[in-house]
Every structure is written in structure tokens, then in C-alpha cells.
Amino acid sequence: MKLYEPITLAMPIAKRIGELILEKGRLPEGDEIREFMREFGLEESCLDRGMAIYRTKFLVVLAFPRRENVVIDVISSSGELSDALEVIAYRDRELGAFVVEILPANDLEYEGNIGIEPIIIDEKTLEPESNPVLGHFEEDSEGLFLVIDRETYSRWRENGDPHTCPICGGELAWKGEKAYCRDCGYGVRVVKK
């Protein structure tokens, strides 16, 4: 997994939080967030009353796990806020669902376009009510790709438009098992699980 920019970590974190909600029927706690960060290769820099800081060479992560919500800010290690993202997980009482969203941390300066569909999970049945296209990022000689499994790709084809970039909302051009987005520069690759 390559972690160069905030989006390359925000998507796998959101996916992992969604998987935990489906499995346990609740939001993740602080220790579980710490475990996720270790899984993604982040180093813990600080842990203090309700807040934790993690880092890699290119990213800094601030995590605020609480009972009613989880907020995780992913910032470039340069301190540049123009591409910073926030992963927010909460229980929406009006919808009767758990929601996990990826949003720009700074709407005024954000340079990209977030086209990522939120994860929505019914709190009673724990059935997904949305079909976001989430995965992790890998790099090869052709560029940086969002890697998704066939199951995710099948849901995407059935419930969405596989010609719309799941990262920015731009148009994807498919070539076999890979697609390329001219707007954001990322690709999408489908792999066997």
C-alpha cells in the first residue's frame, strides 16, 4: 500500500471502519483505531486524552475517537492543508444508520473534488445502504491505482456507473482490468480477492 497523499490513506481507513461497523455493530474505539493505524504502517507519535497523532514519511494523522463519533484528519506532512481530508464516522439517529464519510478538512482551500460516496449501514440490520468504491492504493510503472476487489467492482457495476471516477467524480477510461482518470490522475485496478 502506498501512502503519498491524504486520499491514499483516507480511503483505506474509511473502508476499515466500515468493515468494523458491519462486524461489531458499533463505531471503533481508540484501541481499534490504533490497530488500524499500525496495519497501515503508521507510527504513533503522541497519545493523550482522547487524541492520538500518527505519522509516515508523507502524512500526519490526527485521530479523535469518541463514543458518539470518530474524527480522523489526514494531512500532508508538509503541513499543506489544501489536500487535507477528514474521515468522519458517526451514528445518524435520524437515518437510523452508521455513516462514514470522507470530506475535505478545509473546504475553502481544497484543490480536488471528492466524489467518494459515504458508507451508510443500517444500525438495526447492519446491512449496507450505500455502495461506495473503496480500496487501497498501489503503485506500478503505469502510475498510482486504487485497488478494488471483484466483489466491490460487481456492486459498483450494479448500483453505480463504473465510468465515473470513485475518487473525484471525473470520467474513467477502462482498458481491461484497469481504468484511468484524466481529471485526478489516479487509476482504478480490479483484482481477485
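Start inside the protein: the largest cavity holds about 30 Å³ of space. This is a predicted model, in which local features need pLDDT of at least 70 and side-chain atom pairs count only at pLDDT 80 or more, while totals for chains, interfaces and linings use all residues. Residues are numbered from 1 along each chain as its sequence is written, and side-chain values use heavy atoms, with hydrogens and water left out.

**Stop 1: the cavity**

The structure has one cavity of 30 Å³ or more. On a 1 Å grid over the protein atoms alone, a cavity is a set of points where a 1.4 Å probe fits but cannot get out, and lining residues have an atom within 4 Å of a point. Volume here is the space filled by probe spheres set on the points.

Select Ala14, Val100, Glu101, Ile102, Ile116, Glu117, Pro118, Ile119 and Leu134 to show the lining. Now colour strand β6 (residues 97-104), which gives the most to this lining, with three residues. Strands are DSSP runs of E, at least two residues, and helices are runs of H or I, at least four. By class, the cavity lining has seven nonpolar, no polar and two charged residues.

**Stop 2: the largest pocket**

Next, pick Lys15, Glu19, Leu22, Thr152 and Arg155, which lie nearest the centre of the largest pocket among its 17 lining residues. A pocket is an open set of points with protein on both sides within 12 Å along at least five of seven lines. The volume of this one is about 370 Å³.

The pocket lining comprises seven nonpolar, four polar and six charged residues.

**Stop 3: two helices**

Finally, show α1 (residues 6-24) with α2 (residues 30-39): their axes, lines fitted to C-alpha atoms over the stretch in contact, come within 11 Å and cross at roughly 135°.

For the contact (heavy atoms within 4.5 Å), select Ile13, Arg16, Ile17, Leu20 and Lys24 in α1 with Glu32, Phe36, Met37 and Glu39 in α2.

Technical notes. Axes are lines fitted to C-alpha atoms, for helices over the stretch in contact, and angles run from 0 to 180 degrees between N-to-C directions. Ala, Val, Leu, Ile, Met, Phe, Trp, Tyr, Cys and Pro count as nonpolar, Asp, Glu, Lys and Arg as charged, and the others, Gly among them, as polar.
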